[in-house]
Amino acid sequence: MRLRTATWLFSCLLLAHPALAQDSGDNAAITAKLESAGVKFEIDGDGDFKSVYNYEDEGRTQLVFVSGKVNELEGIVVREVFSPAANVPDGGFTSAQALKLLADSQDKILGAWEVSGSTLLFVVKLPDNADGKAFETAMDVAAAAADDMEIVLTNGADEY
């Protein structure tokens with residue numbers, strides 16, 4: 001329980017202090033890591049590394065990003081991997097939907113649900129010094145979780 005509390009507090013601190021977010025200064029390193037893992041990506045207008053997952057059997061695609069910025073807290077440098085799942089409805093999610101998202105977060109080994117602006121995201125936070133395989137795994141996890149939840153929340157729409 002203490003680890004979960006510490007992780008939650010760590011996440012809250014990062015979110016509560018957006019000034020901690022900074023340009024990584026060395027996106028060449030993350031580029032090399034993603035390329036070494038065979039990840040195909042482009043850099044979007046925000047400086048994030050964007051990939052499109054294609055689930056051909058289901059006729060679906062899913063966007064997933066590796067942040068071009070890092071967060072630092074007491075010497076721990078963290079980079080986010082995130083995938084959008086749905087737009088937040090006007091008035092927010094119902095209590096049943098919110099509870100489903102919380103329960104789903106607990107079931108995940110890696111990552112959790114977050115809301116950024118008007119978008120529901122599945123987010124995995126990794127130490128920036130993780131290797132390319134770890135980033136690839138985080139991308140796989142985030143894309144699959146977001147696409148699965150997108151199906152549930154949008155009655156099968158494929159918006160992301």
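# A walk from the whole fold to single residues

Among contacts between residues at least 6 apart in sequence, 58% join residues at least 24 apart. Keep that in view while you move through this predicted model.

**Stop 1: the whole chain.** Show the chain as a cartoon. Starting at the N terminus, the elements run α-β-α-β-β-β-β-α-β-β-α. Now colour by burial. Of the 160 residues in the chain, 38% are buried.

**Stop 2: helix α4.** Select residues 132–153, which form helix α4. The helix has 22 residues. From its first C-alpha to its last it reaches 31 Å, close to the 32 Å expected at 1.5 Å a residue.

Look at the start of α4. A side-chain oxygen of D131 comes to within 3.3 Å of the backbone nitrogen of K133. Then go past the other end. N155 follows α4 and has a positive phi, near 55°.

Next, show the side chains along the helix. Which residues of α4 are buried? They are G132, F135, A138, M139, A142, A143, A145, A146, D147, M149, E150 and L153. Two acidic residues, D147 and E150, are on that list. They are the next stop.

Stop 3: R60 sits in strand β4 (residues 60–73) and D147 in helix α4. The two form a salt bridge, with the closest N and O atoms 3.0 Å apart. This pair links distant parts of the chain, 87 residues apart.

Is R60 buried or exposed? R60 has a relative accessible area of 7%, so it counts as buried, the cut-off being under 20%. D147 is buried too, at 1% relative accessibility.

Now turn to E150. Its side chain meets that of R60 in a salt bridge, 3.0 Å from N to O. R60 lies in β4 and E150 in α4, so this bridge ties together parts 90 residues apart in sequence. E150 is buried, at 0% relative accessibility.

Salt bridges that share partners join R60, D147, E150 and D158 into one network.

**Stop 4: R79 and D128.** Select this pair next. Their side chains meet in a salt bridge at 2.6 Å, N to O. R79 belongs to strand β5 (residues 76–87), and D128 to the loop between β7 (119–127) and α4. The pair therefore ties together parts that are 49 residues apart in sequence.

Colour the two by accessibility. R79 counts as buried, at 0%. D128 is partly exposed, with a relative accessible area of 21%. The salt bridges come to 8 in total.

**Stop 5: where α2 meets α4.** Select helix α2 (residues 27–36) together with α4. Two packed helices are described by the angle between their axes and the distance between the axes. Here the angle is about 75°, and the axes are 8 Å apart. Angles of 65 to 115 degrees count as roughly perpendicular, so α2 and α4 are roughly perpendicular to each other.

Which residues make the contact? From α2, select I30, K33, L34 and S36. From α4, select G132, F135 and M139. These three α4 residues are also among the buried residues of the helix.

**Stop 6: F93.** Move to the loop between β5 and α3, where F93 lies. Set aside residues up to four places away in sequence. F93 then touches N87, V88, A98, L101, V115, L120 and L153. One of these, L153, is a buried residue of α4.

**Stop 7: D104.** Step into helix α3 (residues 95–107) and pick D104. D104 is buried, with a relative accessible area of 16%. Leaving aside neighbours within four places in sequence, D104 is in contact with W113 and M149. M149 is another of the buried residues of α4.

**Stop 8: V52.** Finish in strand β3 (residues 49–55), which holds V52. Is V52 buried or exposed? V52 is exposed, with a relative accessible area of 52%. Beyond its neighbours within four places in sequence, V52 is in contact with T61, Q62 and L63. For a last distance, pick V39. V52 and V39 are 10.0 Å apart, C-alpha to C-alpha, and 13 residues apart in sequence.

Notes
Residues numbered from 1 in each chain as written. Predicted model: local features only at pLDDT ≥ 70, side-chain atom pairs only at ≥ 80, totals over all residues. Heavy atoms only, no water. Salt bridge = Lys/Arg side-chain N within 4 Å of Asp/Glu carboxyl O. Helix = DSSP H or I, 4+ residues; strand = E, 2+ residues; numbered from the N terminus. Buried < 20%, exposed > 50% of the residue type's maximum accessible area, 1.4 Å probe, protein only. Expected span 1.5 Å × (residues − 1). Polar contact = N/O pair within 3.5 Å; in protein donor to acceptor, adjacent residues only side chain to side chain. Axes fitted to C-alpha atoms, helices over the stretch in contact; angles between N-to-C directions. Parallel < 35°, antiparallel > 145°, perpendicular 65-115°, else oblique. Contact = heavy atoms within 4.5 Å.
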